[in-house]
Amino acid sequence: MITYNKLWDTMKEKGVSQYRLIKDYGISAGQIGRLKKNRYVSTHTLERLCEILKCNVEDVVQYISE
């Protein structure tokens, strides 16, 4: 299972809110919703989050074996 729990920790660490992702960086509210529910998001979205947060993909996404 893919989880985005690390994303929320990284955002908190970097001082970036969900509101700021939407308003300042153009990430859609729908994408934020998908991330919250650990649903599929494109690699483009993951790349944008890494650019915005200046982090690596492993700081955003984690694979957990079921």
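Tutor: Let us begin with a definition: helices (H or I, at least four residues) and strands (E, at least two) are DSSP runs, numbered from the N terminus. The model before us is predicted.

Student: How many helices and strands are there in the protein chain?

Tutor: The protein chain has four helices and two strands. Followed along the sequence, they give the pattern β-α-α-α-α-β.

Student: What does the radius of gyration say about the protein chain?

Tutor: The value is compared with that of a compact globule, which for 66 residues would be near 11 Å. The protein chain has 11 Å, so the two agree. Along the principal axes, the C-alpha atoms fill a box of roughly 35 × 25 × 20 Å.

Student: What share of the contacts joins residues at least 24 apart?

Tutor: Among contacts between residues at least 6 apart in sequence, the share is 65%.

Student: How should I read the accessible surface of the protein chain?

Tutor: Consider the total and its composition. The accessible surface comes to about 4,500 Å², and carbon and sulfur atoms account for 48% of that surface. As for individual residues, 30% of the 66 are buried.

Student: Which residues touch the most other members of the largest nonpolar core?

Tutor: The largest one here has 17 residues, of which Tyr4, Leu7, Leu21, Leu35, Leu49, Leu53 and Val60 touch the most other members. Two or more residues come from each of α1, α3 (29-36) and α4 (43-53), and α4 gives the most, with five residues. To see one of these members in its setting, select Leu35: beyond four places in sequence, Leu35 touches Tyr4, Leu7, Trp8, Val41 and Leu49.

Student: Is Thr3 buried or exposed?

Tutor: Buried means under 20% relative accessible area. Thr3 has 1% and is therefore buried. Thr3 lies in strand β1 (residues 2-3), and its side chain makes a polar contact of 3.0 Å with that of Asn5. Leaving aside residues up to four places away in sequence, Thr3 touches Asn38, Val60, Val61, Gln62 and Ile64.

Student: Where is Thr10 found, and which residues does Thr10 touch?

Tutor: Thr10 is found in helix α1 (residues 5-14). With a relative accessible area of 9%, Thr10 is also buried. Once residues up to four places away in sequence are set aside, Thr10 touches Leu53, Cys55 and Asp59.

Student: Where is Cys55, and which residues does Cys55 touch?

Tutor: Cys55 is in the loop between α4 and β2 (62-63). Its contacts, with residues up to four places away in sequence again excluded, are Thr10, Cys50 and Val60. The C-alpha atoms of Cys55 and Leu7 are separated by 10.0 Å, although these residues are 48 residues apart along the chain.

Student: Are Cys50 and Cys55 buried or exposed?

Tutor: Cys50 is buried, at 14% relative accessible area. Cys55 counts as buried too, at 15%.

Note on methods: Residues are numbered from 1 along each chain as its sequence is written. This is a predicted model: local features need pLDDT of at least 70, side-chain atom pairs count only at pLDDT 80 or more; totals for chains, interfaces and linings use all residues. Side-chain values use heavy atoms; hydrogens and water are left out. Buried means under 20% relative accessible area, exposed over 50%, partly exposed in between (1.4 Å probe, protein chains only). Contact means heavy atoms within 4.5 Å. A nonpolar core is a set of buried Ala, Val, Leu, Ile, Met, Phe, Trp, Tyr and Cys residues joined through side-chain atoms within 4.5 Å. A polar contact is a pair of N or O atoms within 3.5 Å; within protein, one must be able to donate a hydrogen and the other to accept it, and residues adjacent in sequence count only if both atoms are side-chain atoms. The radius of gyration is taken over C-alpha atoms; the globule rule is 2.2 Å times the number of residues to the power 0.38. Accessible areas come from the Shrake-Rupley method with a 1.4 Å probe; for residues, only the protein chains shown count as cover.
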